[in-house]
Amino acid sequence: MSKLQAALKRVLVGRPMSSGEMEHTLLPKTIALPVFSSDALSSNAYATQEAMIVLALAGTGALQHIVPISLAVAALLAIVIISYRETVRAYPTGGGAYRVSKENLGMYPGLIAAAALLIDYALTVAVSMTAGVDAILSAATSLVPYRVELALFFVILVAVANLRGTKESGILFAIPTYGFILSVFALLITGFVRCAVDCPAAESAGTIIKPASALTFFLILKAFAAGTTALTGVEAIADGVGAFRYPQSKNAAQTLAIMGILSISMFLGISYLAHATGVVYVHGAERTVVAQVAHAIFSGGPAFYVLQIMSAAILLLAANTAFQDFPRISSILAGDHFMPRQFLSRGDRLVFSNGIIILSVAAAFLITAFNADLNRLIQLYLVGVFISFTFSQTGMVLRSRRLKPKGWHRTVVVSGIGGTVTGIVLLVVVITKFTGGAWMVISAIPVLVYLMRSIHKHYGDVQHQLDHPDRRPVDRRAGHQNLVILVTDLEEATAQAVGYSHHVQPRSISAITPDRSLVDGWRTLAPGIEITVLGAGGSVTKRVRRHLKGVRDSIAENDFLTVVVPEILRSRNTIEILRNLGKQRLKAALLRERGVQVLNIPVVKGDIAEGIDLTQEPARNFTVVLVSGVHNATLQAIEYAGTLRPIQLHAVSLGIEESDTSALGDSWLEEHIPHPLEIEAAPFRDIGAALRDYLSSFEADGHERVVTVVIPEFVVPKKRHQILHGQTALIVKRHLLFVRGVVVVSVPYHLD
Amino acid sequence: MALLKRFIEGFTKAPEETRAENLARWISTLEGVTPLSQVAPRQRYRVAGVIQNIRIDPREGRDSIEATIIDGSGRMIVKWLGRSSMLGVGLGKGLVVEGIVGESEGMRVMINPEWNLVPGPEHG
């Protein structure tokens, strides 16, 4: 096997080592380069053009300035890359702008960098897709009217591919990225050779543009700012150091250097050839600058089409990078409690989907709102990039001064220059692009920062209450239970509720119904249980709540009061949930009632054979308490489970982040909870399936053997905060609705 | 073509299949371990697997921690008696153990073996 083959095999098959939290396999430089630099290299497909659009405002003559402006941009790119090499060395596990800023500058700069990054990823998708479509349109001009539709189509395509769960496959990136690099260099070499003799003219050469404005210093600055799009994507390597082969920092730094050299040569070369072939590009032209250059240099031959295909491919991949990174940064933020915990684990299919869906919606919105106009989208793009550059470089300076590692003087100088220059460019970008759209990003950042801060505060409050010893649940043993059965029909589920309730042997048991006509039937079904017809006035929910308040007042303060809600389902079709929407709402509303637990007994018609008397007590009641952490809400749920007279009480943790399981076990042991805890993996992060698997071992049939799943739930005072909690509970409840013989109890833990 | 095939497989392959492959590949990097499918009771083995579930029993007199490991070929329970701390044992981690294999309720069990944790496979 040749060396290359061996490398390819290792890449394809993956080196059998864990890179910790990173999802990538450890990559050799040859593959890491395409994986991480597709974003940065692809920006060469449009950077020159963006600068030319600005220059063209001052007329055809001003276009000659593209070469010196490109030199300035290239110098900036070199500075940023040199200073990022310092970051890579300092943060061998990956030093994204958020992390570097938060660690060295404080929480708010960290959050600003994070907000800038999140916005940036949405823009990366929008910009790359639009530019990719432009490359396609340059080769197939008849499709021009479908620009927006095409861009949206590609967003959906990449989103679906990611939802399906593609990993960053090195090869997938390698082909188009190396293809793009090769085609561009083929273009540059052919171009230099041809131009040394006689430069071919681009199709737009000689077009005269009347100056719309004078060639002011401001315009030059603006053109420079537009050209700095060539810098986008540089941070990707710094983010992904952990994915490199050992020695990681060294390999990452080398890859950065290679990428820098490639990017600078490509950018300068394209700019030079655009100048030499006399491309005149005005906003809205059918063919991109690169396409025009290539068309002239390759005389429209097949090489032109190859380049266009490679450009489109690398741009689509650049968008894919954002799809990989957005969930990653979201999960880091969620881990630090700055984003809803649904983003926390990136492997969880559902969670992963959340990030992908949000990102695609944001990108699709941007594409539609800006009509897939690359030039207008790019106005928004650069602010976030330069905020994260400036913050992370400044953070590096402070870090070096504080920690004084070996060679810190050099870092201070390099990152100091980098931070200052990118800071200045940030100002230039903000000033020159403010009215063009940058204001939207600048106003969105504080909104996001505020949101993240509020989420953080909320989770902090919740944690405090969950751990507070004063809020410990009191010790309640079997018997301290009171049941109220809600009767809305007299079908199987209601009959089973009777049997189940008798089995629990509560202190008190009663029934309520909104429907007077059910009273006689009930008396035959459950002769021993008193039934009350709910007082008139208001919705069923209101009437139930009023009644429960009365019961609550009449029982001991520390007793549990459980509403038993039987629910008959006609089939296992999800549509049943919609058909029973009233009952779902009722359950949700009762959950918010203090001092009330909701016990749901769903029965699918046909699951119970004819002739079985469901009002008989089940012989065995297995109780399963779902545990996500050791805190007051869990303790309360365990106590609750004990009041149901279970034959066995299982505490089970399913599908929590694997890295948290060891700590969970330790807290369980420290807390001396007198029950065994089972920690189960949810393969492929499908909690519903894992739970169904787990429950199947009990062989519940609904009359002889019943499984009661006890779910601790948080109830927050502000309804809008509920989105930050209880999503898992919702999923679990949805999955359990159709499982035979399973009873589900929500034990709410009310937070202040 | 092989590349294209692999690319398409990436979209179509069942996750269980990929998982078993990942496990097998990971196991092949560890030295001197016997596949779980080949262990027989009452003999000494060095085996390894990813921790797939854990059972902690803190009740007096029964205090123990159990970890079920899988290696793609089979499963085994590793049991530590009288232990009151996880010492880093967690889901998804690789566990290399050496000791006498026993049997309980049809499952292979190793009680209080020599053990150490290793990084688990990538996408296990």
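# Chatting through chain A

Q: Let's start with strand β1(A): is it buried or exposed?
A: Six of the six residues of β1(A) are buried, so the strand is largely enclosed by the rest of the structure. Keep in mind that this is a predicted model.

Q: Which residues of β1(A) point which way?
A: Gln481(A), Leu483(A) and Ile485(A) point one way, while Asn482(A), Val484(A) and Leu486(A) point the other way. All of them are buried.

Q: OK, and which strands does β1(A) pair with?
A: One partner is β2(A), residues 508-513, in the parallel sense over five bridges. Another is β4(A), also in the parallel sense and over five bridges.

Q: Which residue is the bridge partner of Asn482(A) in β2(A)?
A: That's Ser508(A).

Q: And on the β4(A) side, what stands opposite Val484(A) and Ile485(A)?
A: Val484(A) stands opposite Val563(A), and Ile485(A) stands opposite Val564(A).

Q: Which way do they point?
A: Phe560(A), Thr562(A), Val564(A), Pro566(A) and Ile568(A) go one way. Leu561(A), Val563(A), Val565(A), Glu567(A) and Leu569(A) go the other way. Glu567(A) is among the buried ones, too.

Q: Let me zoom out. How many helices and strands does chain A have?
A: Chain A has 25 helices and 10 strands. Its C-alpha trace spans about 105 × 60 × 55 Å along the principal axes.

Q: How much of the chain is buried?
A: Of the 752 residues in chain A, 59% count as buried.

Q: How is chain A divided into domains?
A: Domain 1 runs over 25-458 and domain 2 over 469-750.

Q: How far apart are their C-alpha centres?
A: The centres of domain 1 and domain 2 of chain A lie 52 Å apart.

Q: New topic: how many disulfides are there?
A: A search of the whole structure finds one. It joins Cys195(A) to Cys199(A), with the sulfurs 1.8 Å apart.

Q: Is that link left-handed or right-handed?
A: Right-handed, with 50° about the S-S bond.

Q: Are those two cysteines buried or exposed?
A: Cys195(A) is buried, because its relative accessible area is 16% and the cut-off for buried is under 20%. Cys199(A) has 24% relative accessibility, so it counts as partly exposed.

Q: Last one: which residues form a nonpolar patch on the surface?
A: Leu163(A), Ile357(A) and Val361(A) form one, with about 240 Å² of accessible area together.

Q: Where does Leu163(A) lie?
A: It lies in helix α7, which covers residues 147-164 of chain A.

Q: And is Leu163(A) itself buried, partly exposed or exposed?
A: Partly exposed, because its relative accessibility is 33%.

Conventions:
Residues numbered from 1 in each chain as written. Chains lettered and ligands numbered in written order. Predicted model: local features only at pLDDT ≥ 70, side-chain atom pairs only at ≥ 80, totals over all residues. Heavy atoms only, no water. Patch = residues over 30% accessible without salt bridge, like charges linked within 9 Å, V, L, I, M, F, W, Y side chains within 5 Å. Areas by Shrake-Rupley, 256 points an atom, 1.4 Å probe, with all protein chains shown as cover. Salt bridge = Lys/Arg side-chain N within 4 Å of Asp/Glu carboxyl O. Helix = DSSP H or I, 4+ residues; strand = E, 2+ residues; numbered from the N terminus. Buried < 20%, exposed > 50% of the residue type's maximum accessible area, 1.4 Å probe, protein only. Pairing = 2+ DSSP bridges. Domains from an automatic or database assignment. Disulfide = S-S within 2.5 Å.
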